[in-house]
Amino acid sequence: MRVDKYLWCIRYFKSRSISTNACKQGKVRVNGDLVKPSREIYASDTIQVRKNQIDYQLVVLDTPDSRLGAKLVDMYRKDVTPKETLQKLDLLKYSKDYYRKKGTGRPTKKDRRDIDDWFEGDSESDTKETN
């Protein structure tokens, strides 16, 4: 089975095209080697996938015939990702919350209304001065 299809079948990527692009960008390694999307994989191969700043490591147990349900994924792969890298994911979540203040991005609906009211207030004072 192709490595891009395998990663899609075991639900590491949402679509097959995303999986293919990850292989082309060098985010997937099989047995330590960078691979093309068409690389065939077999049982006992180790796959490293870089996704969301985390290096996931998998051992292929078997190849499925088609895309699997989430409960059946563990029959076809063994996740051997070190716990330190998964803890790093938790730290990334906390750092994002810490650095981004609420309301610094796109204005909320309330912010938009306040801005509109502020500009309308200025235009009303301008019309009173001209009369």
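Let me begin with Tyr56, which is buried, with a relative accessible area of 14%. Please keep in mind throughout that this is a predicted model.

Tyr56 belongs to strand 4, and because five of the seven residues of that strand, residues 54-60, are buried, strand 4 is largely enclosed by the rest of the structure. On one side of the pairing we have strand 3, residues 46-51, which pairs with strand 4 in the antiparallel sense over six bridges; here Ile54 is the bridge partner of Lys51. These two strands form a hairpin with two residues between them, and in the turn Asn52 has a positive phi of about 55 degrees. Strand 4 is also joined to strand 5, residues 77-79, by three bridges, and the two run antiparallel, with Asp79 in strand 5 as the bridge partner of Leu58.

Now to the aromatic rings, where a search of the whole structure finds two pairs. In one of them, the rings of Tyr12 and Tyr56 have their centres 5.8 Å apart and their planes at 70 degrees, so the pair is edge-to-face. Because Tyr12 lies in the loop between helix 1 and helix 2 while Tyr56 is in strand 4, this pair ties together parts that are 44 residues apart in sequence. Tyr12 is buried, with a relative accessible area of 9%.

The rings of Trp118 and Phe119 have centres 5.0 Å apart and planes at 65 degrees, so this pair, too, is edge-to-face, although Trp118 counts as exposed, at 55% relative accessibility.

Finally, to return to Lys51, this residue lies over the face of Phe13, at 5.4 Å from the ring centre.

Methods
Residues are numbered from 1 along each chain as its sequence is written. This is a predicted model: local features need pLDDT of at least 70, side-chain atom pairs count only at pLDDT 80 or more; totals for chains, interfaces and linings use all residues. Side-chain values use heavy atoms; hydrogens and water are left out. Buried means under 20% relative accessible area, exposed over 50%, partly exposed in between (1.4 Å probe, protein chains only). Helices (H or I, at least four residues) and strands (E, at least two) are DSSP runs, numbered from the N terminus. Two strands pair if DSSP finds at least two bridges between them. Rings of Phe, Tyr and Trp (its six-membered ring) pair if their centres lie within 6.5 Å; planes under 30 degrees apart count as stacked, over 60 as edge-to-face and the rest as tilted. A charge sits over a ring if NZ of Lys or CZ of Arg is within 6 Å of the ring centre and within 35 degrees of the ring normal.
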